[in-house]
Amino acid sequence: MILTTTCSFNTLYTKYYRKCFLFVKSYIHNDLAAEDIAAEALIKLWEKMKEEEIASPKAFLLSVLKNKALDYLRHQTVKNEAIETVTNYYRQELDIRISTLEACNPDHIFSTELQNLIRSTLEALPEQTRKVIEMSRFQDLPNKEIAEILHLTPKGVEYHITKALKVFRINLKDYLPIFYFFFYFQ
């Protein structure tokens, strides 16, 4: 049957939609996407018919449906690969956290080596910064009270704490989880 421009869209839709939908659904297994692709293909046929006479509408539709279904499936492949990449990243990150926690030995945390490292890091700090960090982290004083005792502003206390924590982070990089436990969580 040769369709002409006098053929209405409703006629096209009635004649071909179900076949288009079932063809696409058999490949992509997604009803909503199959509906969209079938409708888009029919619209494309209708628009093409406005420009020229179509000798084989079924062949034209099949070609459009095939290409749109392939595009959809290729997009799904890319999407699935991205999801797999993200999942693998999180799995690796989770494995690292598990192995790090399993390797955590409380006896080692309180070892002389770590205590010496903390002590030497403290001694290397400028005097005012050392006083602030000792009062904040070892005596558990609030910043406002430290500011009053040392005649600083609360912002000045925050500055010294930030400065000290940066040095500790560098010097205790091999002990970061422990560092965060002792110095950040109060």
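**View 1. Helix H6 passes helix H7 in a right-handed crossing.** A crossing is right-handed if the near helix is turned clockwise from the far one by less than a right angle, and left-handed if anticlockwise. The model is a predicted one: local features need pLDDT of at least 70, side-chain atom pairs count only at pLDDT 80 or more, and totals for chains, interfaces and linings use all residues. Residues are numbered from 1 along each chain as its sequence is written, and side-chain values use heavy atoms, with hydrogens and water left out. Helices are DSSP runs of H or I with at least four residues, strands are runs of E with at least two, and both are numbered from the N terminus. H6 covers residues 127–138 and H7 covers residues 143–150. They pack at an angle of about 140°, with their axes 10 Å apart. Axes here are lines fitted to C-alpha atoms, for helices over the stretch in contact, and angles between N-to-C directions run from 0 to 180 degrees. The two helices are therefore oblique to each other. Angles under 35 degrees count as roughly parallel, over 145 as roughly antiparallel, 65 to 115 as roughly perpendicular, and the rest as oblique.

**View 2. The contact between H6 and H7, residue by residue.** H6 and H7 cross in a right-handed way. H6 contributes Gln128, Lys131, Val132, Met135 and Ser136. H7 contributes Asn143, Ile146, Ile149 and Leu150. Contact means heavy atoms within 4.5 Å. By class, this contact has five nonpolar, three polar and one charged residues. Ala, Val, Leu, Ile, Met, Phe, Trp, Tyr, Cys and Pro count as nonpolar; Asp, Glu, Lys and Arg count as charged; the others, Gly among them, count as polar.

**View 3. The loop between H6 and H7 holds Leu141 and Asp140.** Leucine 141 is buried, with a relative accessible area of 16%. Buried means under 20% relative accessible area, exposed over 50%, and partly exposed in between, for a 1.4 Å probe and protein chains only. Neighbours within four places in sequence aside, leucine 141 is in contact with Met135, Ser136, Ile146 and Ile149. Aspartate 140 counts as exposed, at 55% relative accessibility. Its phi is near 55°, a positive value in a residue other than glycine.

**View 4. Histidine 151 sits in the loop between H7 and H8.** Its phi is positive, about 55°, although it is not a glycine. At 73% relative accessibility, histidine 151 counts as exposed.

**View 5. Helix H8 covers residues 154–171.** At 1.5 Å a residue, its 18 residues should span 26 Å, and its end C-alpha atoms are 26 Å apart, which agrees. The expected span is 1.5 Å times one less than the number of residues. Gly156, Val157, His160, Ile161, Ala164, Leu165 and Phe168 are the buried residues of H8.

View 6. Threonine 129 belongs to helix H6. Threonine 121 is placed in helix H5, residues 112–124. Threonine 121 touches Val167, Phe168 and Asn171, not counting residues up to four places away in sequence.

**View 7. Helix H3 runs from residue 57 to residue 103.** Its 47 residues reach 68 Å from first C-alpha to last, close to the 69 Å expected at 1.5 Å a residue. Pro57, Phe60, Leu61, Val64, Leu65, Ala69 and Tyr72 of H3 are buried. Their cover includes helix H1 (9–28) and helix H2 (31–51).

**View 8. H2 and H3 make a right-handed crossing.** Their axes come within 9 Å and cross at roughly 140°. H2 and H3 are therefore oblique to each other. On the H2 side, the contact is made by Ala33, Ile37, Ala38, Glu40, Ala41, Leu42, Lys44, Leu45 and Lys48. On the H3 side are Pro57, Phe60, Leu61, Val64, Leu65, Lys68, Ala69 and Tyr72. By class, the contact of H2 with H3 has 13 nonpolar, no polar and four charged residues.

**View 9. The whole chain has nine helices and zero strands.** Of its 186 residues, 30% count as buried. Among contacts with a separation of 6 or more, 58% come from residues 24 or more positions apart.
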